[in-house]
Amino acid sequence: MRLELIDCAVGFDGRAVLQGLSLALQSGEIGALLGPSGAGKTTLLRAIAGFVPLYRGSIRSADGEVERVLSGAGVMLPPEARGIGMVFQDHALLPHLNALDNVRFGLFRLPRAGAIRRARDCLALVGLADFASRYPHELSGGQQQRVALARALAPKPQCVLLDEPFSSLDPDLRERLALEVRAALKAEGVGALLITHSQTEAFAMADRVGVLAEGALQQWDSAYALYHRPVNEVVARFIGEGAFITAETLGEHRLRTPLGDAPCARPGLRAGQRFNLLLRPDDVIHDDDSRLQAEVVARAFRGADFLYTLKLDSGERVLSLVPSHHDHAIGQRIGLRLDLEHVVLFEHAPAAGGVFQGADTAAAADATMVSAAR
Amino acid sequence: MSATAETFAAPGRRGVGGLTLLALALCLPSLIPLLSATVALFNPDPATLSHLWQFTLPRVAGNTFWLLLGVGFCTAVLGTALAALVALTEFPGRALLRWALVLPLALPGYVLAVAFIGLFDYSGSFATGLRELGLALPEIRSRGGVIAVLSLALYPYVYLVALDAFGSQGARALEAARALGMSPRRAFLRASLPLARPFIAGGVLLVLMETLADFGTVAAFNYDTFTSAIYSAWFAMFSPDTALQIAAVMLLAVALLVGLEARSRRRQSFARLGAPVQQRLPLGRGRWLATAFCGGVLGLAFLLPVARLLYVASSHLDELDARYFEFIGNGFALSAMAAALTVAAALVLALAAREQPGFLSRLAQRLGTLGYGLPGALLAIGLYVPLTRATGWLLDRLQIEMALSGGLALLLLAYGVRFTAVAHAPVAGALMRIRESQLEAAALLGVRGLRRLQQLHWPLLRGGLATAALLVFVDVMKEMPITLMMRPFGWNTLATRVFELTNEGEWRRAALPALSIVAVGLIPVLLLLRRGRDAT
């Protein structure tokens, strides 16, 4: 089933928090919507499931030639008629039923034997075949989560929605479980849309990722494209780390930057235009032989790598990812060179320049604290 | 903003529905006693009122005042001291006493009165024995006696809330204060006690409401308060209107206490400061004193009266006749009917608040649970006068033989008004544990209607419904004033039997029914204790 959202607006208490949202999820495709809390992610998901109305726009599904409007002006298909399953943030398992019966809960239209067979298959699919008779309180958080997925998959929905599926789990577990869930969805051939505030989760699970920020869907693209070809500064800053430095065009095909000149193929450029150039940490290479030098002003040890914050002679700062055997102290000057694969230029704004460390960094720091506390 | 919700399909739940209307209808009976007492307050019959002011009210109001003051003070001191010792210090037997000190909750005041009056009465064997030794007991049937008995029966209300307050925040504050160099005593007075004070105040207010509502104890002691005055105006002077007039004046005191209680609840904030402490203060040489004090209170409030009742009842087993089983059967029947009625009403109130949230369903919830603040005697007369008038008027008008085995319906209505709140707490709690996401998961899976009720609501609710039914059942078994004043002819229960026997001074014969009430009353207390142990 192809799921399509057209110019959607959602919100609560009469106030729209997300507007003008359009996206399409192809059959069997896994999508992720990434955004900070309060961005309206959950409300959007609940609108797709049919629990809350849209303020504007429409949600459609297309199955071969058959196209249906799920939500739209004057249309509000009830949740059970949408062919959509959902995995809730708190799993929403029923405490008085064991894993098998939880999965069977929605299979009442099948004859008893068939329902049990289907429920067992779904439990096996999520790797819990041996846990059928366990009650929710006897299962770990990750296991409960997978039972919830099996329950959502059991009635063969055409699409599954996942609401922050891994937020209640141990950080160490999240990425592994994300891959397992992805494998289960792909094995069933079911499309899925998950919402999350964790970039790691989105990248691990999804074929396509959307960035929700400032009340709108900023970009709906592959993870690679979001990182290397962000359509605007908001996305660039939200996904990953990097820095903006001032760059000036020398002609139609060449840029001048404080780190040296670089080729650039972008039609319509004239000489003498100034831009903000996005530099990812892997665009700035440490090279002892380079004449170009910068001062180390901060460093973060990441095991295999150091992430150095470097101050250029122009006063601008950049990030550089360097193998960790290059151990340089703060204050030292080290050589660098530019290795620019993707040229990403935005309108020049000096105040908007500088180093950023992505939206996920804070969460990662929290996760470290949590595991340290244990 | 360009778009609003109105342009699209309206959200499903919300607003006024049939459930809310039903809930509001269920609240109407709660308003009747309030309205009739208020009307009586503002439209007094001058002759009745002047007579009341001259002979009854000053004495009754004075008695009630001193009773409230005495019981309030004693329970505050007893409850706080016991809770502080048990929660913050270490002494022999502490773990056992911690839960045993709750046991007196099983003994209604009038049961304690039966035991104590029998024991300490001038003509009793105990008092006689002491007199032979040249010792005289203070007269038990006095103001001091009622205060002592009610304080022993009601201190657990303060003890429980204070225990919770000391055990959670007070203990942490104590540690912090001691880390700052305060002595244990100073730390307790400066840190733990101030933190626990709003909770203690809340507990004492509950005690005061119970004291004001008490009928059985004061009746046994012949100590006239508002409740017994209502009873004697109604059944000795046969003047329901006078009784209603007294109830109207009593309503002022009730309103004051209910208002204070609601206010104090707002001031109790549950800021849990970390886990409860493990390290309690060792008491040194005073530790046996603590054991003696806590053990002594337990002995007086529970062990001694129960032992006395057991002893006396065993020598009066001839009470165990057919009539006795009739009392028990009546009590069971009334309690079961009241439990079914109140649990159903509570379910409607709680469901309306959950499924159709809004001002009206909230209002219904407030009104429907209001009756628990009304003393049984006030409630009985407040319902009786207008409803019998209304049915009388109807009978005159319609000329129908209304087989209103009238009394029974009226009695159950009164139980409903008084005890819906008791059922409401566990029912609403169970309903709250059904999460929104579980309902939504069911919706997505197409599980609806009866199937949803059967597979989702019922399994998740039945524990709460059973608890609610049990609590109401036991409360009705123990209930005295409403049953006494409103029961149809022949519907005697254990509680009314205790009243009749004590009224005739038959303290020894009252022991068996009193003991039976203790046995029933122990059920919810033991349940409470088991819950508490599971929780820790």
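Predicted model: local features only at pLDDT ≥ 70, side-chain atom pairs only at ≥ 80, totals over all residues.
**Stop 1: where chain A meets chain B**

Select the residues on both sides of the contact. Chain A puts in 28 residues, and chain B puts in 22 residues. Now colour strand 2 (15-25) and strand 7 (84-87) of chain A. Each supplies at least two residues of the side of chain A that touches chain B. Strand 7 gives the most to that side, with 3 residues. Colour the chain A side by residue type next. You will find 19 nonpolar, 5 polar and 4 charged residues there.

**Stop 2: a sheet in chain A**

Stay in chain A and show its open sheet of 5 strands. The order is 16-20-17-18-19, with antiparallel pairing. Which strands stand at the edges? They are strand 16 (284-286) and strand 19 (317-323). Each has a single partner strand, so one side of each is left without a neighbour in the sheet. Neighbouring strands here are turned by 50 degrees against each other on average, direction ignored.

Now pick strand 17 (residues 293-301) and strand 20 (residues 333-338) of chain A. They run antiparallel and are joined by 3 bridges. Select A:Glu295, and opposite it in strand 20 you will see A:Arg333.

**Stop 3: two helices in chain B**

Move to chain B. Select helix 4 (residues 109-120) and helix 11 (residues 287-314). Their axes are 9 Å apart, and the packing angle is about 75 degrees. Angles of 65 to 115 degrees count as roughly perpendicular, so helix 4 of chain B is roughly perpendicular to helix 11 of chain B.

Helix 4 of chain B brings B:Leu112, B:Ala115, B:Phe116, B:Gly118 and B:Leu119. From helix 11 of chain B come B:Pro305, B:Arg308, B:Leu309 and B:Val312. This contact divides into 7 nonpolar, 1 polar and 1 charged residue.

Key. Residues numbered from 1 in each chain as written. Chains lettered and ligands numbered in written order. Contact = placed C-beta atoms within 7 Å. Helix = DSSP H or I, 4+ residues; strand = E, 2+ residues; numbered from the N terminus. Nonpolar A, V, L, I, M, F, W, Y, C, P; charged D, E, K, R; others polar. Pairing = 2+ DSSP bridges. Axes fitted to C-alpha atoms, helices over the stretch in contact; angles between N-to-C directions. Parallel < 35°, antiparallel > 145°, perpendicular 65-115°, else oblique.
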